[in-house]
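Subject: A structure for you to explore

Hi there,

Here is the structure I promised to pass on to you. Have a look around it before you read my notes below.

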Amino acid sequence: MNKTVRITENLSIDLERESWTCHACGHDLGPARSNYKEGCVVAEIPLSEAHPPLVHGQSYSFTPDPDFCRLIEFYCPSCGTIIENEYLPPGHPITHDIELDVDALKRKHGGRP
Amino acid sequence: MTIIPHLAKYARDTEIVHRLRPEPPTAREQDAQAQLGDLDFEIFQHKMQMIALEGKETTMKLGASTAMRWGDVAFGIYTAQGDLAVCATGIYHHAVLSQLPVKYLIKHLRDDPSVGVENGDSFFYNDPYYGGVHNADMGLCVPVRIDGELVCFIGAAVHTGEAGGSEPGGMVNGARSRFDEGMLIPPIKVGSNYVLREDLLGMLATMTRDPRTMILDLKARLAAARIAERRVRDYIEEMGAAFFVGALRKVLSITGQAARRKVAALNDGIYRQPRFLDTTGPETQLLKLNLAVEKRGERITLVFEGSSPLLPDRPVNSYFQGILGLSMVYFCGWYFHDLPANNGLLEAIDWRFDDNSFVNAQGDVPVSYAPATQVAFNQGMFMAGARMTYATDPSRAVGAWYTGFAVTVFAGVNQWGDPMADITPEINATGAGGRPGRDGVDCAGAFFATMSDCGDVEATESERPFLYLFRNYFDNSYGHGKYRGGSGVGFGLKVHGVPQVAMGSMGFGSHFPATLGIFGGRAAPPAFVQTVRDSNMDQLLAEADTGLPTRMDELYRQDGEEKEQGNRRFGNLATPPQLYSQGDTYYVMVTGGAGYGDPLQRDPDAVLTDLRNGMVSEQAARDVYAVVWDRRSLRLDTAATQATRAEMRRARLARARPYREFLRHWQEQRPPAAILRYYGPYPQPQEKGARDGAA
């Protein structure tokens, strides 16, 4: 069985340990059957920092409206790489965006569920 | 309400719109299919594709509307049962949607003695209930009978852009019901014996603000269909009707089989991407479109449960069939890019919708802004698709292209005295999303109309009452990332050569960005409209002032007083048309693609190349990409860049909190009630959808 399979630009899964890992540094990000975001450290980025306003004193400025939208970044706790981000309304639940059938994945790569 | 039985036949047909997949093959189709030789079938596919491509090109050459001339065309050959087997298009939603009106006419009109379907007939339609998107998309088809047997239909679906209604341009911001949206025509016979009926043309022309365009576009579709009909008849004379019927059906069969095989290669799992819209059309409000993509074995199920409820009197509702049609933009253009674009692809796709949902419109609700809702879904499809495909084929895992639309709608009388109502073509110049190993293409096109072009400004100026002040790249239009999104286009127009013209904008994403990044890439910034009424632009141009802005970034440079004086306003992308006068100016950015990956992983040399080319601002190079360079020589300081990036990573970790700790504060927040009027209960609008959160 292949031990590690790449899942996204920033994520792999260690099939033997059934865990998410950071592709950049190999850090363990928690159980592959759970949301990898739970193994990340998380920050809300001020919108004016991420998308600076080019117009001042107006409703429209190139900066998203914080009533509607916030930016959250999920980092590898070891190397600080952004694993993923989410633009969400304030307080909206974090998305479990990749919920793999780990047993099927292990079968595909020559292992047993 | 009691429906009088003999009138029920005139209600919308709720059965036909569920027949999106290919019809079961007839005995004739099955027998004929079994007789096909592989080589002859291969030649058939190429010939039919060439006939369809010629049809598409002919339609474009003869048409008058902006969209038709610049390629917003789907041209194809349908089976006798109405399935679109062969289609030449980059506007892939029509590859599965344009069959529904054909199936309607087969069901209701073919055997009706007052109508019938004979050689020489032509049928027109634009009711979005059957076309799936909105009533600016209009279609025409012609039947082909050989020795009495109906063997196929040939037709074109094209956005004409003006469909009557209470606002011009085919997208009615203020529509309160479908009856505000203008023409809603189920398939009707507009010609027989190879002649169009002048009384019906007169009626159609009278129902729109731009009769010339309406009629020229209709005739363009028909002329192209007649040329294709001649080609098909020649081919059938050579190969026989049985071969043709069998081969047309076989295209659908093998497409479905191939689609299921491709789906089987993907990892099983659920891939989620909630999408948020910031407009109902007339109001700035928050809506949720809850997308989950469930992949099991050979099938993908698109799940929309948990989306915001139906809006009784706002135009961002979409018919479910339109949503599924738009899914084909992703599937045909990206994941199934090597398969024929036809509804056989839906053999690999299932779907689930709530009954009370703004993505499953019912009754008389308006749907004029459905394209906004549909592309919002589709960008979610790109994002969920990237997560679904990266493991098995990273080349398919691309960031979303822009579209919050940012379409400029206009109407009035042009400089030649002709009535007009249409949209400007810059929607076909958006940026593509970043992708594995490469930046997104600058001004790549429209992701939902990949064969379309935005045309020359001179062509637009020659018949529209505008003078372009500039139209080119905009360095604040795309999402940053390891691979940045492609730049979009910024442009400025001046009303020119007429006393007044109505102008407005259709789109979303002025508050909540429309185009979000993937794998840590940033969103393209929100877009909006700037207008200057009572502008002194005419005077500045007369004085040949060389200090006027020539790019969108110059318009927003914070280094002094604007030379252009007047009544300056900043407005939402969703704004109904208003009157503007000669000399007034109108500026809008049609934005770029999503960022892909962590911006700190971007090659610093690529950042400096962008800086030299005016494709990234100094602020972003410094603050987002953490690149250090010599300001005079623009040479990279490698050591300082590495140190700055390392420091920025440390700063990230210092600011961040463990997931559970972060949630405690995060979950206490919520949007103001004033923007949740149409959302449904926050945060989960419907019970079934309460599965998207890990929190």
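Let's start with one side chain: Arg209(B) counts as partly exposed because its relative accessibility is 28%. For that term, buried means under 20% relative accessible area, exposed means over 50%, and partly exposed is in between, using a 1.4 Å probe and protein chains only. Please keep in mind that this is a predicted model, in which local features need pLDDT of at least 70 and side-chain atom pairs count only at pLDDT 80 or more, while totals for chains, interfaces and linings use all residues. Residues are numbered from 1 along each chain as its sequence is written, chains are lettered from A and ligands numbered from 1 in the order in which they are written, and side-chain values use heavy atoms, with hydrogens and water left out.

**Salt bridges**

Side chains of opposite charge can pair when their charged atoms come close. Here a salt bridge is a side-chain nitrogen of Lys or Arg within 4 Å of a carboxyl oxygen of Asp or Glu.

Arg209(B) takes part in one of them, with Glu162(B), at 3.0 Å from N to O. This pair links distant parts of the chain, 47 residues apart: Glu162(B) is in the loop between β5 (149–159) and β6 (188–192) of chain B, and Arg209(B) is in the loop between α8 (198–206) and α9 (211–239) of chain B. (Helices are DSSP runs of H or I with at least four residues, strands are runs of E with at least two, and both are numbered from the N terminus.) Glu162(B) is buried, as its relative accessible area is 2%.

In chain A, look for Glu86(A) and Lys37(A), whose side chains meet in a salt bridge of 2.8 Å, N to O.

Back in chain B, Asp610(B) and Arg484(B) form a salt bridge whose closest N and O atoms are 2.7 Å apart. Asp610(B) belongs to helix α16 (residues 604–612) and Arg484(B) to the loop between β14 (466–473) and β15 (489–495) of chain B, so the pair ties together parts that are 126 residues apart in sequence. Asp610(B) and Arg484(B) are both buried.

Arg484(B) also lies over the face of Tyr478(B), 4.8 Å from the ring centre. A charge sits over a ring if NZ of Lys or CZ of Arg is within 6 Å of the ring centre and within 35 degrees of the ring normal. Another example is Arg602(B), with its charged end over the ring of Tyr625(B), 5.7 Å from the centre.

**Aromatic rings**

Rings of Phe, Tyr and Trp (its six-membered ring) pair if their centres lie within 6.5 Å; planes under 30 degrees apart count as stacked, over 60 as edge-to-face and the rest as tilted. The structure holds 37 aromatic pairs over all chains. One of them is the edge-to-face pair of Phe382(B) and Phe447(B), 5.5 Å centre to centre with 90° between the planes. Phe382(B) is buried, with a relative accessible area of 1%, and Phe447(B) is buried at 0%. Both rings also belong to one aromatic cluster, whose members include Tyr330(B), Trp334(B) and Trp401(B).

**A buried threonine**

Is Thr430(B) buried or exposed? Thr430(B) counts as buried because its relative accessibility is 0%. You will find Thr430(B) in the loop between β13 (419–423) and α13 (457–463) of chain B. A polar atom of its side chain lies 2.5 Å from the backbone oxygen of Gly445(B), and the side chain also reaches the backbone oxygen of Tyr402(B) at 3.5 Å. Leaving aside neighbours within four places in sequence, Thr430(B) is in contact (heavy atoms within 4.5 Å) with residues including Trp401(B), Cys443(B) and Val590(B).

Enjoy exploring!

Key: A polar contact is a pair of N or O atoms within 3.5 Å; within protein, one must be able to donate a hydrogen and the other to accept it, and residues adjacent in sequence count only if both atoms are side-chain atoms.
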